[in-house]
Amino acid sequence: MKRLFFLGITLFVTFHAFAQNYNYGLSQVSAINRQDLKKVYIEAYNGIYRLVAQPTNANDTKRCLYIDSNGGIRKFVCSFDRKDGEYCIIAYYSRWGMLSNLVFRSKTPGGYTVEGNSQTLYFDRNRDKADTIAYTYKLKYDDGKQWTDTKEVGRSYIYPEQFGDLELMAYSNIVSLMTQYGLYQIEVPADSKTVHFGTPERGDVAFTNQNDILVKRAPTVNSTTVATLNAGQRVWILGAARAETQAKQGTHYWYRVKLAENDVNPKEMYVYGAYLEAVERDIPVSSGLIFRDNPPLRLPAPSR
């Protein structure tokens with residue numbers, strides 16, 4: 001009886017620790033990035049949007065959907081520079097079409113910036129709804145005014161409608177995502193590329209995935225901090241240094257980076273790999289990936 005009692009206590013403690021550390025959103029990021037996915041672009045054409053394998057307008061190369069072998073949208077990336085500003089959205093979706101993880105950065109010409117991330121910590125499969133949502137973001141102006149807002153919404157699937165000037169609800173599920181582009185049917189072009197995502201390599205450009213990332217002088221957590229990065233910023237990878245294991249992050253490489261593409265004589269600085277988004281890699285046509293002959297995904301038309 002005592003053995004059963006202690007076994008029960010051990011199992012309870014183990015499950016409680018797992019529940020405290022499990023993050024549904026981050027588990028989805030890892031699983032999605034390992035998959036082979038079809039890449040399609042959302043192209044603006046004569047005032048409407050359409051899905052193409054390769055856009056004719058260079059401006060449309062920055063807006064991509066990634067489709068799994070069941071025809072489901074699993075990832076959306078939109079990133080472009082605008083005059084005196086930047087815009088970056090990296091959204092991951094569960095196979096039920098709900099937002100799992102979101103990295104965002106919006107810097108407007110007027111100097112207003114919003115940057116951060118949002119994660120679904122737990123997903124209730126019985127209700128097909130997010131059950132616990134956590135998000136953190138920064139709002140700041142060029143005049144030096146800055147504030148940070150960190151919140152957690154428990155037992156709720158309602159996301160805030162927007163962070164600053166960024167409309168978060170437009171990315172809360174695949175229906176909202178596609179509705180903003182007027183797309184109600186998803187058909188993957190036959191000549192679309194097959195890709196997956198892997199760890200950064202020399203020559204890559206990688207995005208940061210959260211706020212307050214400490215850039216170090218040497219590839220170790222105990223080194224001097226030389227800069228701080230926030231979500232959605234780009235870094236140029238100069239090479240991998242050494243691997244290091246950190247609590248709650250696992251084992252990742254440190255990467256030597258530069259913070260500007262035109263920096264021809266960059267200083268020594270390093271970013272830990274856990275804080276960088278995975279980088280897209282092409283897969284040869286002969287990889288054997290089979291996409292099921294499913295009917296096109298049809299989305300409900302918006303209510304009027």
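Two strands are treated as paired if DSSP finds at least two bridges between them. Helices (H or I, at least four residues) and strands (E, at least two) are DSSP runs, numbered from the N terminus. With those terms in place, I begin at a turn: in the hairpin of S1 and S2, which has two residues between the strands, Asn46 adopts a positive phi near 50 degrees.

Some conventions follow. This is a predicted model, in which local features need pLDDT of at least 70 and side-chain atom pairs count only at pLDDT 80 or more, while totals for chains, interfaces and linings use all residues. Residues are numbered from 1 along each chain as its sequence is written, and side-chain values use heavy atoms, with hydrogens and water left out.

Now the chain as a whole. The protein chain contains three helices and 19 strands. Of its 304 residues, 45% count as buried; buried means under 20% relative accessible area, exposed over 50%, and partly exposed in between (1.4 Å probe, protein chains only). Contact means heavy atoms within 4.5 Å. Among the contacts in the protein chain with a separation of 6 or more, 54% join residues 24 or more positions apart.

Let me return to S1. Seven of the nine residues of S1 are buried, so this strand is largely enclosed by the rest of the structure. What are the partners of S1? Five bridges join S1 to strand S2 (residues 48–52), and the two run antiparallel; here Tyr45 has Ile48 of S2 as its bridge partner. S1 is also antiparallel to S3, through four bridges, and Tyr41 pairs with Cys64 in S3. Three bridges link S1 to S11, again antiparallel, with Lys38 opposite Thr194 in S11.

I turn to the interior. A nonpolar core is a set of buried Ala, Val, Leu, Ile, Met, Phe, Trp, Tyr and Cys residues joined through side-chain atoms within 4.5 Å. The largest such core has 29 residues, of which Leu65, Ile73, Phe76, Ile89, Tyr93, Tyr171 and Leu177 touch the most other members. At least two residues of this core come from each of several elements, including S1 (37–45), S3 (63–67), S8 (129–140) and helix H3 (174–179). S5 gives the most, with four residues. A second, separate core of 18 residues includes Val235, Tyr270, Val271 and Val279. Leaving aside neighbours within four places in sequence, Leu65 contacts, among others, Val40, Ile42, Leu51, Phe76 and Leu177.

Next, the aromatic rings. Rings of Phe, Tyr and Trp (its six-membered ring) pair if their centres lie within 6.5 Å; planes under 30 degrees apart count as stacked, over 60 as edge-to-face and the rest as tilted. By this rule there are eight aromatic pairs. Why is the pair of Tyr66 and Phe197 edge-to-face? The ring centres of Tyr66 and Phe197 are 5.1 Å apart and the planes stand at 70 degrees, so the pair is edge-to-face. Tyr66 lies in strand S3 and Phe197 in strand S11 (residues 193–198), so the pair ties together parts that are 131 residues apart in sequence. Tyr66 is buried at 3% relative accessibility, and Phe197 at 10%.

Finally, charges over rings: NZ of Lys or CZ of Arg must be within 6 Å of the ring centre and within 35 degrees of the ring normal. Lys75 lies over the face of Phe197, at 3.3 Å from the ring centre. Arg50 lies over the face of Tyr45, at 3.7 Å from the ring centre.
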